[in-house]
Amino acid sequence: MTAQDHEEDWGDVELPEAEQGESPVPAMTETDSEQRMIRALAEHRIGLKKTRAESFAFTAHPKWNFTTINREAHLPRSHHATLLSQLQKDIEHTKAWAGIKIPSEGYLEVLLGPNQAQVPTHYLARKLSALVSDSIESECSRQHDLDNSSSLQFRRLRDEFRPIKIHLSGEDACIEISGPSPACHILVNHGFSDTPRYVTSLRIFYDRPMKSDEIEAQAEPVFASLLYELDVRNRLNMRPPKWPSQIDHRRPSISEPPERIVRFPETVIEPEISVLFRFAGSASGNPPLSFLSYYQVLESFFPTAGRRSALKKIERELTNPLFNRRNDKHLMRLLNVGEGVATASESAHLKMLLDEFVRGDILEDFFKENHWGKHFTKQGPIKGIEENVNLENRKIPLTHQVAERVYRIRNRIVHAKDDPKYQDTPALLPQSDEAEALWPDIDLVRLLVCEVILSNQVRS
């Protein structure tokens, strides 16, 4: 699932006002100050859609990649002066999250939402409105910029809950959870009608000039600690959303359409394998988890592949007309076969499995018939890949090339970054751009699983 796909899952979407049967609101004339605000927003690629008596409707920022969905962000006209003041500063979009920063003032603000799909905005607002800070904001020793401290309270929530404002003072900075500032809301947020997708933001005030990259680097561990404690202490699982990747990670279209005929099942499969396979397909919001679930299916067939590989080698020895059961050297060959399987590494087991169960032509077609670009090369988006998957490589079988790639990705997902064996390769984390780029590899490992299950039917 892409970051944009995740945006479709929020629970209490309102339809645009026109779709609710309301009469269109006549266009209004903007003041000189409002026109300056509109021009400043245009420099940030935000367009004006409507001017109403009490509010503006702006387009969502194009970084969200909304191509078929009409999203917008609304701002009460009474907040236009604050927004204009923020826009007149050296304001930038954050790189790591969907948010804004003003490095010259040591200020950074990101949107904040639930970490689970389909959690209603009202639920999060109700939980946050019940929380209180461990310190009183008026006693904070820092003097924060008034524009950066401003926050929007949205109509639907304002009528039901007390305003959300959790201000926390630390030695080096202050952090705050509240409604987003006008600049963060208009430059980053989106929604339908006047209820946005994100009703809260997380901001940090260093109140000193900082470099652009420095402020994000310093804010990240603070945010990580806060979000961890909110989960553990307050039972609130939240995260700042990320911008969708600007690289097209969509899967190429599958050449063969799915079957339309449903048949009485003929595939014999263990219930546990069926559960893992179907769970992998359902974990679309977590690509690394989907990859690992398919890999677990492959792992369950390692013993079978090892036995079959050993039986082939033993049978070859026993059918050798020169085999002599009284010859110690010949008997040691048989013993070495068994020991080789028992002591084989996981990587070796995976290679044995693909050698035994996966049809070579099917694997070749996967790479030939789909437009993967550079994905399965060292120049692809997945780090830690040392060799290209090369159909012309006559020295290393294709099954072994694929096994090596799959195993390396598996290690990057499951091994801790401090493991000395993997210190040169970073962990592959969920909710990262790299995780979103994993879908071609998920399609590959899914194909391997289908081949293994099919071959197990034929030879069982």
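Is F56 buried or exposed? F56 is buried, with a relative accessible area of 0%. Keep that in mind for the first close-up, and remember that this is a predicted model.

**View 1. F56 and F58 make a tilted ring pair.** The structure holds 12 aromatic pairs, and here is one of them. The ring centres of F56 and F58 sit 5.7 Å apart, with planes at 35 degrees. Pairs count as stacked under 30 degrees and edge-to-face over 60, so this one is called tilted. F58 is buried as well, its relative accessible area being 0%.

**View 2. Y295 and F302 meet edge-to-face.** The planes of these two rings stand at 90 degrees, so the pair gets the edge-to-face label. Their centres are 6.5 Å apart. Is Y295 buried or exposed? Y295 is buried, and F302 is too.

**View 3. Charged side chains lie over rings.** Look for K63, which lies over the face of W243, at 5.0 Å from the ring centre. Then find R197: its charged end sits over the ring of Y198, 4.8 Å from the centre.

**View 4. Strand β5 has a hairpin on either side, one with β4 and one with β6.** Start with strand β4 (residues 92-93), which runs antiparallel to β5 and is joined to it by two bridges. H93 stands opposite I100 in β5, and five residues lie between the two strands of this hairpin. Now turn to strand β6 (residues 107-114), which pairs with β5 in the antiparallel sense over four bridges. Here I100 stands opposite E109. Four residues separate β5 from β6, and G106 in that turn has a positive phi of about 65 degrees.

**View 5. Both faces of strand β5 are covered.** In a regular strand, side chains alternate between the two faces of the sheet. In β5 (residues 99-102), G99 and K101 are on one side, while I100 and I102 are on the other. All four of these residues are buried.

**View 6. β7 and β8 form another hairpin.** Strand β7 (residues 165-169) pairs with strand β8 (residues 174-178) in the antiparallel sense, over five bridges. How many residues lie between them? There are four.

**View 7. Helix α13 has the length you'd expect.**

**View 8. The largest nonpolar core holds 44 residues.** Which residues touch the most other members? They are L350, L353, F367, V402 and V406. Several helices supply at least two residues each, including α9, α13, α14 and α15. The largest share, eight residues, comes from α17. There is also a second, separate core of 32 residues, which includes I46, F154, C184 and V188.

**View 9. F367 belongs to a cluster of rings.** Ring pairs link F367 with F366, W372 and F376. Leaving aside neighbours within four places in sequence, F367 is in contact with W372, F376, V389, L391, L398, V402 and L444.

Key: Residues numbered from 1 in each chain as written. Predicted model: local features only at pLDDT ≥ 70, side-chain atom pairs only at ≥ 80, totals over all residues. Heavy atoms only, no water. Pairing = 2+ DSSP bridges. Buried < 20%, exposed > 50% of the residue type's maximum accessible area, 1.4 Å probe, protein only. Expected span 1.5 Å × (residues − 1). Core = buried A, V, L, I, M, F, W, Y, C linked by side-chain atoms within 4.5 Å. Contact = heavy atoms within 4.5 Å. Phe/Tyr/Trp six-rings, centres within 6.5 Å; stacked < 30°, edge-to-face > 60°. Lys NZ or Arg CZ within 6 Å of the ring centre and 35° of its normal.
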